[in-house]
Amino acid sequence: MVVEVRLFASFREGRFKEKELELPEGSSLGDLLAQLEIAQKDAKITIVNGSAVSAEHKLSDHDVIAIFPPIAGG
Amino acid sequence: MAGYAGTFLRINLSTGQIDKESLDLELAAKFIGGRGLASYFLTQEVDPDVEPLDPANKLIVATGPLTGSRAPTGGRYMVVTKSPLSGTIASSNSGGFWGAELKRAGYDFIIIEGKSDKPCYIHINDDTVEIRDAGKYWGKLVGETTDLLLEDTGDPKARVLTIGPAGEKLSLLAAIMNDKYRAAGRSGVGAVMGSKNLKAIVARGTGKLKPAREDECKSVVKNALKKIRENDVTSKGLPTYGTSVLVNVINESGIYPTNNFQESYFPTADKTSGETLAEKYLVRNVACFACPIACGRYSKVGEVEGEGPEYETIWSYGASCGVDDLEAIIKANNWCNEYGLDTISAGATIACAMELCQKGLVDPDEIDGPALEFGSGEAIVEWTRKMGESEGFGAKLALGSARLAEQYGAPELSMSVKKLELPAYDVRGIQGHGLQSATSNRGGCHVRGYLIAPEIIGLPEKLDPLSLEGKAVWVKIFQDLTAVIDSLGLCLFTSFALGADDYRDMFNAIAGQDLTTESLLQAGDRIWNLERMFNLNAGVGPEQDKLPRRLLAEPISSGPCKGHVHRLPELLPEYYKERGWDEKGLPTEEKLAQLEIA
């Protein structure tokens with residue numbers, strides 16, 4: 001399956017801003033984080049198609065995935 | 001008593017009388033300080049029915065017991081008055097260095113009464129307090145006023161709080177600025193200062209502030225600093241990218257209001273994000289007094305440079321106006337700093353005007369400047385300047401979106417609560433934050449209880465933003481704790497790393513108190529109810545606990561939160577009950593008696 005991955009803040013350093021990635025069917029968000037070499041504890045905010053999900057979440061074809069380190073503002 | 005200076009100033013600008021009064025320290029502790037104590041004095045001394053720009057209204061500029069102390073971020077002060085924008089109690093908070101300087105001069109707060117017959121400023125140099133002529137500064141922008149006052153008073157270490165031309169011209173969006181770039185921004189407090197012909201307050205203090213319990217203070221401050229330095233948000237995210245690191249999170253969550261809340265996802269948001277700001281325009285980070293976080297940005301575009309823009313500003317001038325030109329946003333932000341305008345309300349009012357024009361409700365001949373079209377960078381910069389000057393159609397914008405939309409027959413297009421423009425979150429996708437926005441005592445505001453923390457960011461724990469379960473409880477706790485932090489004189493950003501026990505420990509050690517966490521939060525509840533009572537007596541009742549019709553009746557049209565509306569009617573009864581109010585939203589006699597404010 002193909003998913004769109006968007007990285008933000010410090011996760012962009014040495015990686016990318018936005019990219020389409022091909023993943024094996026049945027991959028979870030945790031599998032994607034491992035492929036990106038991002039520790040699960042560092043991926044504080046993970047959003048798939050606009051909804052916050054955890055590392056166990058199973059991904060689907062064409063998912064849009066946004067991954068953030070711990071951040072806040074306001 | 002440590003923590004408090006123990007003295008406050010009462011300055012009557014009509015008579016020129018300056019009095020130094022002793023602070024009742026038992027009373028001070030009951031309302032903590034800052035927002036709480038100033039609200040107490042306002043409710044005691046000002047008729048809630050007063051016309052906000054009448055000399056009978058008072059302007060209270062107040063520090064908290066931790067302002068000027070070693071507590072991390074302890075540099076904040078609060079401006080409390082009756083708002084000319086909303087008709088509610090106003091309490092606008094600012095950082096920088098001015099608050100700590102006032103405290104070091106020996107004063108907890110200043111109550112400003114009456115109206116000067118000509119432009120004046122107040123000069124405070126430790127024990128010496130004078131009202132001086134401000135004729136030469138009137139009409140000048142904030143940066144030049146600040147530089148001139150520092151030069152003329154001959155003390156470069158003094159700190160300047162001032163209004164810009166917007167406050168002088170009584171713009172209902174006028175802010176009070178200090179240290180050039182920091183703003184007590186919301187609720188039109190700058191217009192109240194302008195209505196008194198008061199241009200500035202210069203403060204210089206050389207006193208030393210000692211904590212009540214030195215060893216305990218060292219220990220609790222060290223502990224708080226450790227938590228802030230070990231927290232990824234306060235030690236990495238905010239220092240590296242500033243508040244606007246939030247742009248992408250809120251946008252990706254589908255709750256980033258776009259084109260005056262007509263959409264909730266801005267496809268090119270990243271062009272205006274904290275990441276882009278850091279990459280292209282950031283000159284350096286800026287920290288306020290005693291702040292280990294340093295979220296402030298000093299940015300530069302060509303000849304335009306200064307602090308900001310912050311997240312809310314990037315939104316109000318950016319997605320809200322459909323603009324993805326960060327350079328234009330920086331320039332509009334600069335005009336707000338110079339004219340002394342609230343960046344949230346100013347940008348949001350331009351967005352409202354854009355929708356009025358889009359719907360053909362404004363005669364194009366009335367638009368004496370760039371076309372007010374969504375996406376126009378030129379429009380946001382020039383209309384901010386014209387708003388600051390109250391020039392042409394800009395004079396209408398300077399009164400805010402509620403009055404503007406009302407005048408053109410479409411009040412529902414003002415995205416405001418209690419006439420205060422809502423900030424950068426589409427609450428149709430964040431139910432708790434929407435409840436807090438509807439019930440905020442000063443109107444459409446995000447800093448009376450920042451439910452974005454648990455609902456989006458996951459601090460202190462992750463809540464489902466679309467669920468209603470438990471939200472009333474969360475809102476009450478966040479509102480009460482925020483009232484405490486505001487009253488202590490600390491920055492709300494500490495709450496990303498600290499909890500109620502940490503605030504209790506610092507207050508007790510520095511001010512020599514022995515409060516429990518429960519009694520500290522009860523003080524927050526007391527302050528909330530005090531503000532609520534002022535509003536009720538001012539004619540702003542529970543019927544104003546509402547949200548714009550669009551957020552209640554029009555589902556989000558696209559993006560991740562498509563189909564959702566805010567479910568306020570389902571949440572309000574539970575909230576009123578949680579507050580201990582009756583079913584109509586009125587504080588009961590028992591509740592007020594329990595809080596000792598009956």
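Let me begin with chain A, which in this predicted model holds one helix and five strands. If you follow the chain along its sequence, these elements come in the pattern β-β-α-β-β-β, and the C-alpha trace spans about 35 × 25 × 20 Å along its principal axes. A compact globule of 74 residues would have a radius of gyration near 11 Å, and because chain A has 11 Å, the two agree. Of the 74 residues in chain A, 54% are buried, and among its contacts between residues at least 6 apart in sequence, 55% join residues at least 24 apart.

Now let us turn to the place where chain A touches chain B. How many residues does each chain bring to the contact? Chain B gives 30 residues, while chain A gives 20 residues. The size of an interface is often given as the accessible area lost when the parts come together. Between chain B and chain A that buried area is about 1,900 Å², with 61% of it coming from carbon and sulfur atoms.

Across this interface there are two salt bridges, and one of them joins the side chains of A:Arg12 and B:Asp270, at 2.9 Å from N to O. Seven residue pairs, with both residues at pLDDT 80 or more, are in polar contact between the two chains.

On the side of chain B that touches chain A, the elements giving two or more residues are helix 8, helix 9, helix 10, helix 11 and helix 18 of chain B. Helix 8 of chain B provides the largest share, five residues. Taken by type, the residues on this side of chain B divide into 16 nonpolar, seven polar and seven charged.

Note on methods
Residues numbered from 1 in each chain as written. Chains lettered and ligands numbered in written order. Predicted model: local features only at pLDDT ≥ 70, side-chain atom pairs only at ≥ 80, totals over all residues. Heavy atoms only, no water. Contact = heavy atoms within 4.5 Å. Buried area = accessible area lost by both parts, 1.4 Å probe. Salt bridge = Lys/Arg side-chain N within 4 Å of Asp/Glu carboxyl O. Polar contact = N/O pair within 3.5 Å; in protein donor to acceptor, adjacent residues only side chain to side chain. Helix = DSSP H or I, 4+ residues; strand = E, 2+ residues; numbered from the N terminus. Nonpolar A, V, L, I, M, F, W, Y, C, P; charged D, E, K, R; others polar. Rg over C-alpha atoms; globule rule 2.2 N^0.38 Å. Buried < 20%, exposed > 50% of the residue type's maximum accessible area, 1.4 Å probe, protein only.
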